[in-house]
Amino acid sequence: MSNVGEQKATTVPHVIKEEVIAAGKWVKLEKTTYVDPSGSTRIWETAKRTTRATSNCDGVGIFALLKKTLHKDSVVLVKQFRPPMGCYTLEFPAGLIDENESAAAAALRELKEETGYQGEVVAVAPVTCLDPGLSNCTTAIVMVNINGDDPQNIHPTQQLGDGEFVDVVLLPLNDFQNKIDDFMKKENIVVDSKVYIYAMGMAQALSKPNELPVLKQ
């Protein structure tokens, strides 16, 4: 069965060459020449990181769940000013993978640096793309449990680098989407799509798993 609007492909699409247009310390812009499924040669402008390690994965996003006796489980998020957006954003803790570093090790390191919390990795998702129409940037989502009763997590201390300004935000897992919506109303902030999609999924799973969620306007 064919999808509506699908064109019959006669050629295997492939990249012919990549030429650097401009490069900075962290990002470069390339002109990508490729052949599309119809056999036509086309040009695409592509943004790439200059820091990719040999793992072929640029970084990690960390879904960290704080568990503490007599408290509701909370999702650990970070709020920070993002210059490309021109405003503050609400995101999962995240960071780049260093050379010869595993995704799990990078996640625990970045979690400690950005939030002060120390946790245990319970799962590492497959490598996924972030914005494939713009960049080849990839990430691995790492699931981490944080024992909030552990003395080292009672008063966590961030280990931020120069120029890093990160606020830690804890939101209850069982009311995740509503709390995010409330947070957005109170502050001029943009929520990362990974965070909001996860929140929508949680809300759907807890209420009507066989129906699409209805968003508040």
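E114 is found in helix α1, which covers residues 103-115. The structure is a predicted model, in which local features need pLDDT of at least 70, side-chain atom pairs count only at pLDDT 80 or more, and totals for chains, interfaces and linings use all residues. Residues are numbered from 1 along each chain as its sequence is written, and side-chain values use heavy atoms, with hydrogens and water left out. The protein has three helices and 11 strands; these are DSSP runs numbered from the N terminus, with H or I over at least four residues for helices and E over at least two for strands.

**Surroundings of E114**

- At 6% relative accessibility, E114 is classed as buried; the classes are buried under 20% relative accessible area, exposed over 50% and partly exposed in between, with a 1.4 Å probe and protein chains only.
- Leaving out residues up to four places away in sequence, E114 touches V78, P93, A94, Q158, L160, V166 and V168, where contact means heavy atoms within 4.5 Å.
- A polar atom of the E114 side chain lies 3.4 Å from the backbone nitrogen of A94.
- Q159 is 45 residues from E114 along the chain, and the C-alpha atoms of the two are separated by 6.4 Å.

**Overall organisation**

- From the N terminus on, the order of elements is β-β-β-β-β-β-β-α-β-β-β-α-β-α.
- The C-alpha trace spans about 60 × 45 × 35 Å along its principal axes.
- Of the 217 residues of the protein, 34% count as buried.
- Among contacts with a separation of 6 or more, 54% join residues 24 or more positions apart.

**Nonpolar cores**

- The largest nonpolar core has 18 residues, and those with the most contacts inside it are V75, L77, L90, L171, F176, I180 and V195; such a core is a set of buried Ala, Val, Leu, Ile, Met, Phe, Trp, Tyr and Cys residues joined through side-chain atoms within 4.5 Å.
- Two or more residues of this core come from each of β4 (59-67), β5 (74-82), β10 (167-172), α2 (176-186), β11 (189-191) and α3 (193-206).
- The most is given by α3, with four residues.
- Another core, of 16 residues, lies apart from it and includes V60, I97, A140 and V142.
- Beyond its neighbours within four places in sequence, V195 is in contact with L77, L90, E91, F92, F176 and I180.

**Packing of α2 against α3**

- The two helices pack at an angle of about 135°, with their axes 8 Å apart; axes are lines fitted to C-alpha atoms over the stretch in contact, and angles run from 0 to 180 degrees between N-to-C directions.
- That makes α2 oblique to α3, since angles under 35 degrees count as roughly parallel, over 145 as roughly antiparallel, 65 to 115 as roughly perpendicular and the rest as oblique.
- On the α2 side F176, Q177, I180, D181 and M184 take part, and they meet V195, Y196, Y198, A199, M200 and A203 in α3.

**Two loop residues**

- D58 is placed in the loop between β3 (41-49) and β4 and is buried, with a relative accessible area of 3%.
- L130 is placed in the loop between β8 (120-129) and β9 (138-147) and counts as partly exposed at 42% relative accessibility.
- Apart from neighbours within four places in sequence, L130 is in contact with C137, T139 and K194.

Terms used
A polar contact is a pair of N or O atoms within 3.5 Å; within protein, one must be able to donate a hydrogen and the other to accept it, and residues adjacent in sequence count only if both atoms are side-chain atoms.
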